[in-house]
Amino acid sequence: MYSIIGVALVLFLLGTLGLIVIHANKLSEFFKESIEIQVILRDNVKEEQAIALRDSIATRPYVKSIEYVSKDMAGERFKKEFGEDFITLLQYNPLYASINIKGNARYVNPDSLKIIEENLAQQSIVREISYQRGLVSKLNENVRKIGLVILGICALLALVVIVLIDNTIRLAMFSNRFLIKTMQMVGATRWFIAKPFDLRSIINGAISALLAIAGLIGIIYFADQLLPELAGMRDYFMTAVLFIGMIIIGICISLVSTHRSVMKYLRLKLDDLY
């Protein structure tokens, strides 16, 4: 029982880091997809031409969402945001119509955006392309650095998890050393002796993983209650992969550690067991 709880706690720690990695990736995607690319149109462009260009751009794979903002709409948004009716003051609208694009996260990097910008700039009705270039570069640089740090932590924690689970199971098997040796002395084969311990280790590993998963589901539930915005960033597929991975890791490490311990005690002489 103590070994099951010990393994479950270690797997829970590993699963928590896995959730952090998954949500960090979704968070970076969220920020990338929040960056807006403004395709500013020339002043004499007809609305039909602008809508035709918008529909053409909307079919391209880098587009997450797209909208056409006319001169009048741009003026209304400016007035609503800043509280100033500059159109009445100036007697004309100095703003340009635009097509605003939010891209898919995998395309929001300096190289891809440069190619997108060059392609869009070739359209005769496009005046200029505007987006926060510095922010894109900084965001990608920070995501890369954070990814390397998390990768290092994951590698270190994976090693710690393996060692802790192995030691926990070996300590649990220590109390069975005389039983194992007694079975060997009465003529039982190694496979016959190891089989029940191996089967029990598979069950214990699965139970430990399920306990850890239950703990993580509880953490997710309470996190959603405190921060409902997290639910929108949930990656159910990757979370399911994480849970399946925890079950596989729990079973495999438990089985390998148990089998090694059984074989170790079978090789020892009786006097060495004391």
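This is a predicted model: local features need pLDDT of at least 70, side-chain atom pairs count only at pLDDT 80 or more; totals for chains, interfaces and linings use all residues.
I began with F31, which is found in helix α1; I take helices as DSSP runs of H or I with at least four residues and strands as runs of E with at least two, numbered from the N terminus. Residues are numbered from 1 along each chain as its sequence is written, and side-chain values use heavy atoms, with hydrogens and water left out.

I looked up the accessibility of F31 and noted it as partly exposed because its relative accessible area is 43%. The class limits I use are under 20% relative accessible area for buried and over 50% for exposed, with partly exposed in between (1.4 Å probe, protein chains only). Together with L27 and F30, F31 makes a nonpolar surface patch of about 280 Å². The areas come from the Shrake-Rupley method with a 1.4 Å probe, and for residues only the protein chains shown count as cover.

**Entry: salt bridges**

I searched the whole structure and found four salt bridges, each defined as a side-chain nitrogen of Lys or Arg within 4 Å of a carboxyl oxygen of Asp or Glu. I recorded three pairs in detail, as follows.

In the pair of E33 and K64, the closest N and O atoms are 3.9 Å apart. E33 belongs to helix α1 (residues 2–34) and K64 to strand β2 (residues 63–69), so this pair ties together parts that are 31 residues apart in sequence. I class E33 as partly exposed because its relative accessibility is 21%.

R133 and E117 meet in a salt bridge at 2.7 Å, N to O. This pair links distant parts of the chain, with R133 in helix α6 (residues 133–174) and E117 in helix α5 (residues 110–121), 16 residues apart. R133 is partly exposed at 38%, and E117 is also partly exposed, at 21% relative accessibility.

For E128 and R127, I noted a closest N and O separation of 2.9 Å. E128 has a relative accessible area of 36% and is therefore partly exposed; R127, at 39%, is partly exposed too.

**Entry: negative patch**

I found a negative surface patch formed by E47, E48, D72 and E76. In the charge count, Lys and Arg are positive and Asp and Glu negative, with His and the chain ends not counted. I place each charge at NZ of Lys, CZ of Arg, CG of Asp or CD of Glu. Helices α2 (47–58) and α3 (71–82) each supply at least two residues of this patch. E47 lies in helix α2 and counts as partly exposed because its relative accessibility is 45%.

**Entry: annotated spans**

I consulted the UniProt record, an unreviewed entry, whose annotation "transmembrane region" covers residues 146–165, 202–224 and 236–257. Its positions are given in the numbering used here, feature names are shortened, and annotations may be inferred rather than shown by experiment. In the model, residues 146–165 are 100% helix and 0% strand, with end C-alpha atoms 28 Å apart. Residues 236–257 are likewise 100% helix and 0% strand, and their end C-alpha atoms are 31 Å apart.

How values were computed:
Patches are made of residues with over 30% relative accessible area and no salt bridge: like charges are joined within 9 Å, nonpolar side chains (Val, Leu, Ile, Met, Phe, Trp, Tyr) within 5 Å.
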